[in-house]
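This report describes one protein chain for a reader who has not seen it before. It moves from the chain as a whole to single residues.

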Amino acid sequence: MSSEKDTVQLGIIGAGLMGRFYAQRLSDAGWKQVYLCDLPEKYEDLCNDYKDSPIQVLKDGFHIARQCDWIMYAVEAEHVDAVVAKYGPATKIGAIVAGQTSVKLPEIQAFRKHLPDDVHIVSCHSMHGPGVNPKGQPLVVVRERATDEKLALVLRILACFESNMVQLSAEEHDRITADTQAVTHAAFLSMGSAWKANNQFPWLVPHFVGGIENVKVNVAMRIYSNKWHVYAGLAIMNPVAKIQIAQYARSVADLFKLMIQEKEHEFRQRIQAGRDYVFGGLQKDHIPILLSDEILDEYSLSKMPREERQPNSHLSLLAMVDCWYTLGLNPYEHMVCQTPLFRLWMGITEYLFRNDNMLEETIQAALHRKEIRSDDMEFVTCARGWAECVELGSMHAYERRFNGTAAFFQDRFTESNVLGNKMIAMISKKIVD
């Protein structure tokens, strides 16, 4: 007797990295009828890529929509409305439709606008990239319009990822991703842009080496080694994200103004207020996200000896806590939907703010180490530049800013991604354990 894995047809529209990741995972899990398509002009190349695979390549989204029982749109957020408008009306009666974009409200609106009423909508979002082991990672499921039977089928289909499935509304998903991902990305993008503007490779600069600096450098390189649109859609198409990215840039600028005026009392007050708000409620037995400087040193691109390292202002981290405090956000409330990058970001922020000696060293560096002021000034400029780009809603400007910085660092992407994967594996093991 045949099982549902033999008969249920699964289709993915969009053969980018995430679309391919899903297709491969489903096929490996024993689903016998997995179909994949991309733009019609890429059909021959896609057929060649999968000529020895059980995954079947179809010519376009019409073929997927007309025959498949579960259909996932793995396309860029800015194009989802146009793609669903084109293929959505052809969707098979009773099929389930999902999307993999990082902003759910525009996606759900496109589904409601263009899909027939006899189609079920249960969307999803794996909150990690295709290079990350999905086991234990968050996988958001958005039930917009579906019977219990169809929802159960979706959960069985997605079970092969071994992820931590969380059911949210589209609105809840977008608010949480704004809280966790958008500002995190903005901080790392600003770091990379500042290093490029200063013509710096941070692993060669004494105050950018060692411990939590390794996390900053490797994660920034990891982001810039990916496709720009992965981050642009999440920032520009999510209204909540715009607010938070703008506040982050303001926090960066406000703290820097206090630093250059050496207004120590006001600066300390602001840092302490943020610390009390974000970390004051943690119990003494709270298990830290990251471990020690010694362990973090294993993930360094630098060959610089420990004794040659110098204190840094960590303006990016101080501003992040100030931003959360100013907006009244508690990042620990969203750890159930943490991405690997957000967990690393939270880890280094927590590591700094819960270590009295390190935080004091940071405050002293911020207020009195004039030789690093030029680096901090460039970071202020870049944070504001990214915030303005997002506020204007310019995909083109975002692409140019992103790709310009990516080109500067591209020779180190391979090595940094190896180290980044090891860091993510380390923190992911702590989640699963």
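Two residues are said to touch, or to be in contact, when heavy atoms of theirs lie within 4.5 Å. The structure shown is a predicted model.

## The chain as a whole

The protein chain holds 19 helices and eight strands. Of its 433 residues, 56% are buried. Among contacts in the protein chain with a separation of 6 or more, 78% are between residues 24 or more positions apart.

## Nonpolar cores

The largest nonpolar core has 79 residues. The members that touch the most other members are Tyr248, Phe267, Trp324, Trp345, Tyr398 and Phe402. Leaving aside residues up to four places away in sequence, Trp324 touches Asp179, Tyr277, Val278, Leu329, Pro331, Phe342, Trp345, Met346 and Thr349. Another core, of 33 residues, lies apart from the largest one, and its members include Met18, Leu36, Tyr50 and Trp70.

## The second largest cavity

A search of the whole structure gives three cavities of 30 Å³ or more. The second largest cavity contains about 60 Å³ of space. Which residues line the second largest cavity? They are Ala182, His185, Ala186, Leu189, Tyr231, Ala235, Ile245, Trp386, Val390 and Tyr398. Tyr398 is also among the residues of the largest nonpolar core that touch the most other members.

Three helices, α8 (170–197), α10 (228–236) and α17 (373–392), each contribute at least two residues to this lining. The largest share, four residues, is supplied by α8. Sorted by class, the lining has nine nonpolar residues, one polar residue and no charged residues.

Ala182, one of the lining residues, sits in helix α8. Its relative accessible area is 2%, so Ala182 is buried. Not counting residues up to four places away in sequence, Ala182 touches Thr177, Leu234, Ala241 and Ile245. Ile245 is itself part of the cavity lining. Ala182 and Ala235 are 53 residues apart in sequence, yet the distance between them in space is 5.6 Å, C-alpha to C-alpha.

Gln244 belongs to helix α11 (residues 239–260). Is Gln244 buried or exposed? Gln244 is buried, because its relative accessible area is 4% and the limit for buried is under 20%. The side chains of Gln244 and Asp179 are joined by a polar contact of 2.5 Å. With residues up to four places away in sequence left out, Gln244 touches Ala178, Asp179, Val183, Cys323, Leu327 and Leu329.

His120 is in strand β6 (residues 120–126). With a relative accessibility of 16%, His120 counts as buried. Residues that His120 touches, other than those up to four places away in sequence, are Gly94, Ala95, Ile96, Val97, Arg145, Ala146, Thr147 and Lys150.

Glu44 is in helix α3 (residues 43–49). Its relative accessibility is 59%, and Glu44 therefore counts as exposed.

| Pair | Separation in sequence | C-alpha to C-alpha distance |
|---|---|---|
| His120 and Ala146 | 26 residues | 4.8 Å |
| Glu44 and Val57 | 13 residues | 9.4 Å |
| Ala182 and Ala235 | 53 residues | 5.6 Å |

## Two loop residues with positive phi

Glu162 is not a glycine, but it has a positive phi of about 55°. Where is Glu162 placed? Glu162 is in the loop between α7 (148–158) and β8 (164–167). With a relative accessible area of 45%, Glu162 is partly exposed.

Asn199, which is not a glycine either, has a positive phi of about 55°. The loop between α8 and α9 (212–224) contains Asn199. Asn199 is exposed, because its relative accessible area is 58% and exposed means over 50%.

Technical notes
Residues numbered from 1 in each chain as written. Predicted model: local features only at pLDDT ≥ 70, side-chain atom pairs only at ≥ 80, totals over all residues. Heavy atoms only, no water. Core = buried A, V, L, I, M, F, W, Y, C linked by side-chain atoms within 4.5 Å. Buried < 20%, exposed > 50% of the residue type's maximum accessible area, 1.4 Å probe, protein only. 1 Å grid on protein atoms, 1.4 Å probe; cavity = no way out; pocket = protein on both sides within 12 Å on 5 of 7 lines; lining within 4 Å. Points joined across faces, edges and corners; volume = space filled by probe spheres on them. Nonpolar A, V, L, I, M, F, W, Y, C, P; charged D, E, K, R; others polar. Polar contact = N/O pair within 3.5 Å; in protein donor to acceptor, adjacent residues only side chain to side chain.
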